[in-house]
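Me: I am looking at a model and want to learn the terms. Can you take me through them?

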Amino acid sequence: MRHLPPGHARQPAIIADIKKIKAGYNGEYRVFQSLKSLPEKEYLLFHDLRLFGSPFPFQMDIHILFPFNP
C-alpha cells in the first residue's frame, strides 16, 4: 500500500485482500494454538504440511494423526 498513490483505483481491492489474508492467518493461528494443548503422547500435530502429488502439490494447514481403536 505504501507504493500506491493515494486514491489509486486498485486500493479498495488490495485492502480487501489484505483483510482476508490477515483473517485467515489469525484463524489458523488460533486453531493451531488450541490444538497444541492436546496430549503429545496421543496425537501428532503437523502444521503447514506440503504434499507432492499428481498433478499438483498441495499444502494442508493443519493435520492431526491419532490412533483409532473401534
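This is a predicted model: local features need pLDDT of at least 70, side-chain atom pairs count only at pLDDT 80 or more; totals for chains, interfaces and linings use all residues.

Reply: Residues are numbered from 1 along each chain as its sequence is written, and side-chain values use heavy atoms, leaving out hydrogens and water.

Me: Why are the rings of Tyr25 and Tyr29 called stacked?

Reply: Rings of Phe, Tyr and Trp (its six-membered ring) pair if their centres lie within 6.5 Å; planes under 30 degrees apart are stacked, over 60 edge-to-face, the rest tilted. Here the centres are 6.3 Å apart and the planes at 20°, so the pair is stacked. Both residues lie in helix H1 (residues 11-35), four residues apart.

Me: What makes Tyr25 exposed?

Reply: Buried means under 20% relative accessible area, exposed over 50%, partly exposed in between (1.4 Å probe, protein chains only). Tyr25 has 55%, so Tyr25 is exposed. Tyr29 has 43%, so Tyr29 is partly exposed.

Me: Which kind of pair do Tyr43 and Phe66 form?

Reply: A tilted one: 5.9 Å centre to centre, with 50° between the planes. Tyr43 lies in the loop between H1 and E1 and Phe66 in the segment after E2, so the pair ties together parts 23 residues apart in sequence.

Me: How do you know that E1 and E2 pair?

Reply: Two strands pair if DSSP finds at least two bridges between them. Seven bridges join E1 (residues 44-51) to E2 (residues 58-65), and the strands run antiparallel. Helices (H or I, at least four residues) and strands (E, at least two) are DSSP runs, numbered from the N terminus.
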